[in-house]
Amino acid sequence: MSKTMTAAMLLAALSFNPLFGQKKTIDQKVDSLLQKMTIEEKVGQLNQYSGRELTGPASDKKTDIASDIKNGWVGSMLNVKGVKDTREVQEMAMQSRLKIPLLFGLDVIHGYSTIFPIPLAEAASWDLEVIAQSAHVAATEAAAAGIHWTFAPMVDVARDARWGRVMEGAGEDPFLGSMIAKARVIGFQGKQLGGTDAIMACAKHFAAYGAAIAGRDYNAVDMSEVTLWQDYLPPFKAAADAGVATFMNSFNTLNGVPATGNSYLQRTILKGKWNYTGFVVSDWNSIGEMTRWGYAENAADAASKAINAGSDMDMEARVYRRNLVELVKQGKVKQNIVDDAVRRVLRKKFELGLFDDPYKFSDAAREQKVFGTDFNPVARDVAKKSIVLLKNERNTLPLQNSYNKIALIGPLVKAKRDLAGSWSLTPDSAKMISLYQGFENVYKATQLSYTKGGEILSATDEDIQQAVELAKQSDIVIMALGETWDMTGESKSRADIHVPGKQEALFNAVKATGKPVVVVLMAGRPMIFNDIADKADAIVYAWWLGTEAGNAIVDVLTGKYNPAGKLPVTFPHDNGQMPLYYAYLNTGRPYVGQKSKQYLSAYIDAPNTPRYAFGYGLSYTTFKYSDMKLDRTEMTAKDSIVVTCTVANTGKYTGEEVVQLYLRDEFASVVRPVKELKGFSKIKLEPGQQTTVRFVISNELLKFYNSQLQYISEPGSFKLMIGSASDDIRLDGTFKLK
Ligand code: GLC
């Protein structure tokens with residue numbers, strides 16, 4: 001030992017494990033704790049209860065939960081939040097024999113107190129930095145409220161807008177979804193767990209939940225393994241590679257086996273091929289539901305199937321709590337299976353620092369400081385970048401200053417709760433900035449007039465007539481239409497995704513006055529609105545943008561911010577087209593607009609093309625793409641091709657553009673899509689400015705899963721396409737893989 005070692009270093013050295021003179025690693029701490037635990041205490045760590053009212057007036061269920069916590073039968077609670085309540089419940093856990101701290105989990109999906117745009121809206125920003133920033137603010141607030149763990153990001157690829165949970169993810173594309181999954185995990189968890197502005201993230205719902213048959217929530221999923229690996233697993237792998245602390249499985253079956261009892265998913269893929277060391281929590285009672293699926297004979301059978309398949313923690317089914325000890329004692333479940341699950345859970349508790357200080361996240365002073373911090377500017381920035389400009393005829397937008405009479409019409413003009421969407425657990429509606437308030441913050445009251453035009457689902461002829469009269473007296477009409485917060489989200493599948501109620505009738509009547517009409521659409525999913533799309537002068541898709549929605553939308557409508565959002569999901573003309581997505585297979589009889597559709601792959605009563613395509617979004621300025629160059633037109637698997645092109649701002653507004661790179665493998669042993677997103681670059685240009693955009697095409701980008709599930713590239717010709725949307729390709733070329 002060097003003589004110059006300081007006293008502090010010496011002190012640190014002495015804290016090492018006497019056995020080896022080495023600092024005890026977390027795994028060593030986990031193992032030594034595990035050896036002290038009874039089977040009951042081990043099973044306790046795999047048991048999670050919801051404690052929504054735990055700290056409220058006692059009732060049987062609550063006293064059962066409290067006594068279970070005190071007796072070491074609980075490893076985690078969800079839906080307990082706030083420093084006071086989490087501290088109170090953690091104190092119960094400190095009465096248990098081994099004083100193992102609880103994990104507090106919560107659905108912090110897009111913000112805790114400061115509400116950010118729903119995840120699908122954020123995905124429309126294609127801005128990984130702001131997406132990570134949004135997650136970091138959410139983590140900071142949640143961690144200050146005693147939360148250790150969020151059940152996010154939801155990374156399910158979704159290609160059917162009838163499925164209400166499309167709002168929670170990053171849309172239809174595995175490449176974009178993978179990039180966003182990584183950004184969200186890093187945003188929530190920071191560089192590593194342990195900080196008080198970082199919480200455990202949870203990649204969910206593993207797996208393929210977004211492909212529920214007919215878009216009906218909780219339904220079966222049936223797909224080839226090639227499709228599973230090619231299209232639905234990549235965002236989960238990206239989350240795992242980003243170090244996501246936990247996974248959550250899903251309610252659906254995959255090819256006949258419930259995900260929560262699916263060892264192919266949880267052991268062969270996740271803990272095997274991907275060597276995942278975090279833990280898997282079931283979805284709410286998903287283990288218990290295996291009996292209803294007809295997969296488990298009874299609760300004990302469900303417990304056995306789930307733990308053996310790799311479901312480490314049981315959320316609210318209570319089947320581990322009631323059956324696992326007996327199953328181990330009977331030898332029906334091996335002790336080492338339980339030990340592995342317990343190790344995974346304990347490891348996270350050590351990583352969070354909870355054994356050093358169980359109350360580390362329940363700090364009243366920090367709670368006060370953080371909730372005294374104004375994160376609204378961040379929320380406003382993310383919100384405005386999530387808005388997609390769908391239409392802008394005759395430069396209706398940005399609004400001219402000359403308008404003296406602006407009529408604000410529609411059921412969502414003054415909406416506040418709806419702006420928070422269906423996954424905001426404690427939205428403070430008073431804090432939400434409505435569209436009307438956004439206008440009040442910019443325009444004089446004398447310039448504004450308002451009428452609701454009836455409720456979303458019950459507008460009367462009088463309501464509509466009142467709106468028409470108001471429109472007639474105005475220079476321009478701004479309409480806010482769409483869905484209420486509870487029309488999209490979990491268990492909110494819709495067979496018809498038209499803009500609900502009589503809102504298009506309201507629009508048509510107002511538009512018939514001849515006044516210019518700008519439509520702001522607010523929803524959690526793509527909607528169908530063909531009359532509006534055909535007749536409105538301008539349309540912005542404003543999703544559900546959270547706390548700063550009103551200010552962000554007005555920033556865009558007034559041109560304070562030039563919109564740059566691009567759709568992360570396809571919008572159909574007709575319900576019957578779904579599932580509809582851009583990366584489709586060509587078929588042997590492609591319909592590409594021929595005069596007759598006879599004997600072609602087409603609908604006789606609807607178009608094949610979408611209303612708005614993946615990657616689509618307008619700007620107040622225009623961009624010119626030119627001068628595409630490849631440094632070579634042939635590559636081997638060891639090489640790569642550098643592609644550059646020039647993009648110029650040819651309009652009069654500064655603007656951002658998401659330059660998208662698509663590839664098509666023209667011939668392969670498994671038919672490949674007509675195009676797949678393989679790169680994107682978000683650039684910002686002043687009027688007249690231009691820049692060079694550069695992509696590197698590596699062999700990795702050319703790989704796909706063949707029929708033997710080998711992830712390989714195959715020699716042949718490839719088409720490359722660079723554009724402003726999946727259906728707006730500006731430059732294209734070909735190259736060969738030798
Ligand atoms: C729900 C959802 C899941 C959520 C969990 C806890 O049913 O499926 O996404 O995290 O239960 O609220």
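Student: Which residues have the most contacts inside the largest nonpolar core, and how many residues does that core have?

Tutor: Start with the general idea. In soluble globular proteins, nonpolar side chains tend to be buried together. Now the case here, which is a predicted model. The largest nonpolar core has 179 residues. Phe247, Phe439, Phe529 and Trp543 have the most contacts inside it.

Student: Which helix gives the largest share of this core?

Tutor: Helix α15, residues 335-351. It supplies seven residues of the core. There is also a second, separate core. That one has 25 residues, among them Ala123, Ala132, Val137 and Ala170.

Student: On to the ligand. Which residues are around it?

Tutor: List the shell, then sort it by class. The shell holds Leu78, Asp107, Phe151, Arg165, Lys204 and His205, and also Met248, Phe251, Asp283, Trp284, Met315 and Glu490. By class, six are nonpolar, one is polar and five are charged.

Student: Which polar side-chain atoms lie by the ligand's oxygen atoms, and at what distances?

Tutor: An N or O atom in the Asp107 side chain is 2.5 Å from a ligand oxygen. For His205, a polar side-chain atom lies 2.7 Å from an oxygen of the ligand. For Glu490, the corresponding distance to a ligand oxygen is 3.0 Å.

Student: How much of the ligand does the protein bury?

Tutor: Compare the ligand taken alone with the ligand in place. Alone, the ligand exposes 310 Å². The protein buries 93% of that.

Student: Next, helices. How do I read burial along one of them?

Tutor: Begin with the geometry. An α-helix has 3.6 residues a turn, so residues three or four places apart point the same way.

Student: How many residues of helix α22 are buried?

Tutor: Nine of the nine, across residues 549-557, so α22 is largely enclosed by the rest of the structure. The buried residues are Ala549, Gly550, Asn551, Ala552, Ile553, Val554, Asp555, Val556 and Leu557.

Student: What covers the buried residues of α22?

Tutor: Both helices and strands do. The cover includes helices α17 (376-386) and α18 (435-440). It also includes strands β14 (476-482), β15 (517-522) and β16 (538-541). Look just past the helix too: Gly559 takes a positive phi of about 85° there.

Student: Which residues other than glycine have a positive phi?

Tutor: Lys99 is one of them, with phi near 50°. Lys99 sits in the loop between α5 (83-93) and β3 (103-106). Its relative accessibility is 46%, so Lys99 counts as partly exposed. Asn255 is another, with a positive phi of about 50°. Asn255 belongs to the loop between β7 (253-254) and β8 (257-258). At 36% relative accessibility, Asn255 also counts as partly exposed.

Student: Where are cis peptide bonds found?

Tutor: Ala207 is in the loop between β5 (202-206) and α9 (225-232). Another joins Leu397 and Pro398, with omega about 0°. Pro398 is in the loop between β11 (388-392) and β12 (406-409).

Student: Now a loop residue, Ser474. Is it buried or exposed?

Tutor: Ser474 lies in the loop between α19 (461-472) and β14. Its relative accessibility is 3%, so Ser474 counts as buried. The Ser474 side chain reaches the backbone oxygen of Ala471 at 2.6 Å. Beyond its neighbours within four places in sequence, Ser474 is in contact with Lys405, Ala407 and Lys515.

Student: And Ser458, where is that found?

Tutor: In the loop between β13 (448-451) and α19. At 45% relative accessibility, Ser458 counts as partly exposed.

Student: Last one. Which residues does Glu316 touch?

Tutor: Glu316 is in the loop between β10 (314-315) and α14 (319-329). Glu316 is buried, with a relative accessible area of 10%. Its side chain makes a polar contact with the Arg318 side chain at 3.2 Å. Not counting residues up to four places away in sequence, Glu316 touches Gln48, Tyr49, Ser50, Trp284 and Asn285. Trp284 is also one of the residues around the ligand.

Terms used:
Residues are numbered from 1 along each chain as its sequence is written. This is a predicted model: local features need pLDDT of at least 70, side-chain atom pairs count only at pLDDT 80 or more; totals for chains, interfaces and linings use all residues. Side-chain values use heavy atoms; hydrogens and water are left out. A nonpolar core is a set of buried Ala, Val, Leu, Ile, Met, Phe, Trp, Tyr and Cys residues joined through side-chain atoms within 4.5 Å. Buried means under 20% relative accessible area, exposed over 50%, partly exposed in between (1.4 Å probe, protein chains only). Helices (H or I, at least four residues) and strands (E, at least two) are DSSP runs, numbered from the N terminus. A residue is near a molecule or strand if one of its heavy atoms lies within 4 Å of it. A polar contact is a pair of N or O atoms within 3.5 Å; within protein, one must be able to donate a hydrogen and the other to accept it, and residues adjacent in sequence count only if both atoms are side-chain atoms. Accessible areas come from the Shrake-Rupley method with a 1.4 Å probe; for residues, only the protein chains shown count as cover. Ala, Val, Leu, Ile, Met, Phe, Trp, Tyr, Cys and Pro count as nonpolar, Asp, Glu, Lys and Arg as charged, and the others, Gly among them, as polar. Contact means heavy atoms within 4.5 Å.
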